Amino acid sequence: MSRQEFNKTKYAHNFYDDFKPVYSVPRGLSAKVVDTISSIKTEPTWLKKIRQQALKIFQQKKMPSWGGDLSGLNFDNIQYYIKPTERQASNWQQVPLVIKKAFTKLGVPQAEANFLAGLGAQYESEVVYSNLKEEWQRQGVLFCDLSSAIKLYPELVKKYLGSLVPIADNKFSALNSAVWSGGIFVYVPQNVKVTIPLQAYFRLNAKNMGQFERTLIIAEKGSQVSYVEGCTAPKYAVDSLHAAVVEIFAKPYSRIRYTTIQNWSNNVYNLVTKRALAEEGAVVEWIDGNFGSKLTMKYPAIILKGKGAKGDMLSLAVASKGQHQDAGAKMIHLAHDTSSRIISKSVSVLGGRVSFRGLVKVAKGAKNTKTKSQCDALLLDDKSRADTYPTLQADEPTAQVEHEASVFKIQQDQLFYLQSRGLSEEEATSMIVNGFIEPIARELPMEYALELNRLIKLEMTGSIG
Amino acid sequence: MNKKFLKLDTIKNNFGMYVKKGDSINCIIYGATKSNELQGKIVLQKNSKLNFYLLLWQCQNLNIKTDFLLLGQNTKAEINILSLGSNQDKHHFDLYLNHQDKNTYSRLNFRRILWQQADSYSQEILKIDKGASGSDAYLSDKTVLIGNNSKVISKPILEILNDKVKASHSAISGRLSEQEIFYLKSRGLDEKRAKSLLLDSFIGEILPADKGIVNLIKQRLNSYAKR
């Protein structure tokens with residue numbers, strides 16, 4: 001990329017659609033708003049009750065006093081539900097033109113045609129499109145939006161929903177439980193191996209909007225699935241909120257790969273709760289990319305409940321001007337012979353701040369557990385900041401717990417070498433940063449890895465000279 | 001270099017130390033105590049140097065909070081902490097190491113060996129301020145868990161506000177390495193001797209040069225090993 005091209009790089013997802021939804025609730029949160037959401041979705045009574053209970057818990061719980069600055073978040077100024085279309089489509093021709101154009105700009109339908117087993121696309125509060133290729137439908141794989149799943153497979157959803165992230169887990173999980181809409185449901189039957197990824201794409205379009213999707217993934221014994229999700233929003237001068245909940249169940253000897261690249265504009269508060277449960281011999285691989293947002297507070301957790309379960313978390317956070325990424329990972333070892341690895345890479349540029357906040361806990365009785373975490377932070381200028389806040393708790397003496405963290409800057413001799421080979425300073429910096437994040441980029445599907453490199457260049461625009 | 005030796009049970013509640021401009025101090029706090037709550041503040045002025053040792057054993061209930069402030073340019077602090085816990089000992093450490101000026105240097109080495117039901121908690125904050133360009137800091141926290149009911153919690157924290165610094169930390173906890181024990185046994189040592197040798201080397205790098213203190217610690221280590 002030439003210097004001119006580099007400097008021209010813009011937030012490509014900063015486009016706004018002039019779109020009129022079919023229904024939206026007024027701003028602010030109340031029992032009436034919660035009831036309205038539930039009524040529009042014609043939900044069963046048990047779910048209505050959960051929503052009202054969650055609202056009360058949300059109102060009782062205090063805002064977190066740690067992490068990032070949440071003082072600018074005004075819950076009364078948020079719109080909690082916007083229904084974009086009358087019905088969900090399973091064919092792009094049925095999707096309203098404006099929304100279809102938006103997803104086409106984001107490259108979503110093309111990716112579906114070329115690389116994916118299934119795709120769900122959420123616009124504002126609802127999934128507007130979902131489709132699963134026939135090959136996987138025949139094998140009993142379920143892939144749809146969560147509201148449809150509640151109607152089609154009520155017992156299955158009821159069994160799992162909220163069992164891993166309870167309503168009262170934290171203030172934002174309570175908020176999500178009260179006003180959730182949209183989100184994806186994935187169910188993979190026993191021994192079925194979905195060999196190509198399923199993808200969901202979440203797009204926030206409106207101002208002062210809250211997106212509260214809820215995702216539930218269940219992989220039965222011996223099955224395998226890879227789920228990828230991406231998120232974007234246009235830039236506004238006013239703030240938006242994204243408070244999702246994700247629950248992932250990896251049954252014995254199953255394998256789940258969960259990949260998420262969140263690329264929010266810098267007016268979004270991204271406050272999500274994501275958790276996976278790994279049973280005996282199960283493997284959960286988690287790849288977590290965090291870009292943009294005003295503040296992200298996100299600490300995905302893997303609970304290793306069964307003997308020999310394995311958790312792997314690769315986390316990348318990039319914070320630029322006015323952004324604070326308070327992201328991390330949690331590994332909870334409850335059974336013996338479990339193992340886990342956390343690799344966290346962060347880049348702070350133009351006054352951005354990245355904080356890694358992690359927890360590794362080995363419970364008494366989780367014998368011969370092995371866990372390693374590694375956090376590397378790259379500071380690109382003297383205005384930026386990097387922190388690490390790990391907690392390592394070993395209640396089992398046979399556990400081997402390791403952690404290391406380092407903070408770097410790009411060395412002049414590295415830049416000098418690359419410049420002596422004909423690269424500009426920007427190109428050299430960009431190449432070094434891409435090398436730094438390579439352990440994470442190489443685990444991504446090709447089109448996401450390319451997007452990642454583009455995003456890194458974008459976040460660094462203006463950081464040099 | 002000024003040397004200070006302080007027995008732990010002679011310190012009541014608060015302690016403070018000012019390492020004046022250009023001074024070098026070697027400070028060793030050591031020993032046992034039944035119960036102690038200590039708050040300490042150690043300040044280093046320009047071009048000063050501190051070698052600080054906190055060597056603890058037989059402390060049933062211990063709560064230590066200490067701030068190390070590297071206020072002046074070119075200050076150098078080497079902080080070594082050894083905590084031997086046994087029975088139902090409970091140790092709580094709250095350490096704050098702050099680089100405030102240019103070209104400051106610190107090493108914080110923390111070693112713990114826990115027998116029986118000993119329980120140890122530590123939070124070690126390493127903060128490098130905006131104006132502390134050229135600083136170099138490393139924090140190492142290692143624990144050997146020997147007792148079947150021993151526990152440890154470590155919170156090694158980095159807060160880095162300047163990009164022209166070197167800062168890193170590492171924390172490890174677990175049993176003695178089976179492979180290392182096997183190697184030493186293959187060289188003719190019995191298991192007890194092999195473990196003892198490994199523990200000696202585990203703490204060896206952070207002990208002061210003072211033979212009297214080293215002997216005291218080794219005796220204590222042997223007496224724990226016999227249990």
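Some ground rules. Residues are numbered from 1 along each chain as its sequence is written, and chains are lettered from A, ligands numbered from 1, in the order in which they are written. Because the model is predicted, local features need pLDDT of at least 70, side-chain atom pairs count only at pLDDT 80 or more, and totals for chains, interfaces and linings use all residues.

Start with chain A. It has 13 helices and 24 strands. Those are DSSP runs, numbered from the N terminus: helices are H or I with at least four residues, strands are E with at least two. The radius of gyration, taken over C-alpha atoms, is 22 Å for chain A, close to the 23 Å of the globule rule for 465 residues, so chain A is as compact as a globular protein of that length. That rule is 2.2 Å times the number of residues to the power 0.38. The C-alpha atoms of chain A fill a box of roughly 65 × 60 × 45 Å, along the principal axes.

Now a helix pair in chain A. Helix α3 (residues 45–60) and helix α9 (residues 171–179) of chain A have axes that come within 7 Å and cross at roughly 150°. Axes are lines fitted to C-alpha atoms, for helices over the stretch in contact, and angles run from 0 to 180 degrees between N-to-C directions. So α3(A) and α9(A) are roughly antiparallel to each other. The cut-offs: under 35 degrees is roughly parallel, over 145 roughly antiparallel, 65 to 115 roughly perpendicular, and the rest oblique. Residues making the contact include Ile50(A) and Phe58(A) of α3(A), and Leu175(A) of α9(A). Contact means C-beta atoms, placed from the backbone, within 7 Å.

Over to chain B. Helix α1 (residues 178–186) and helix α2 (residues 191–204) of chain B pack at about 125°, with axes 9 Å apart. α1(B) and α2(B) are therefore oblique to each other. Among the residues that meet are Leu184(B) in α1(B) and Leu198(B) in α2(B).

Where do chains A and B touch? 28 residues of chain A are in contact with 27 residues of chain B. The largest share of chain A's side, ten residues, comes from β23(A). β23(A) also pairs with strand β10 (residues 151–160) of chain B, in the antiparallel sense, over six bridges. Pairing needs at least two DSSP bridges between the strands. Here Gln393(A) stands opposite Ile153(B) in β10(B).

Key:
Contact = placed C-beta atoms within 7 Å.
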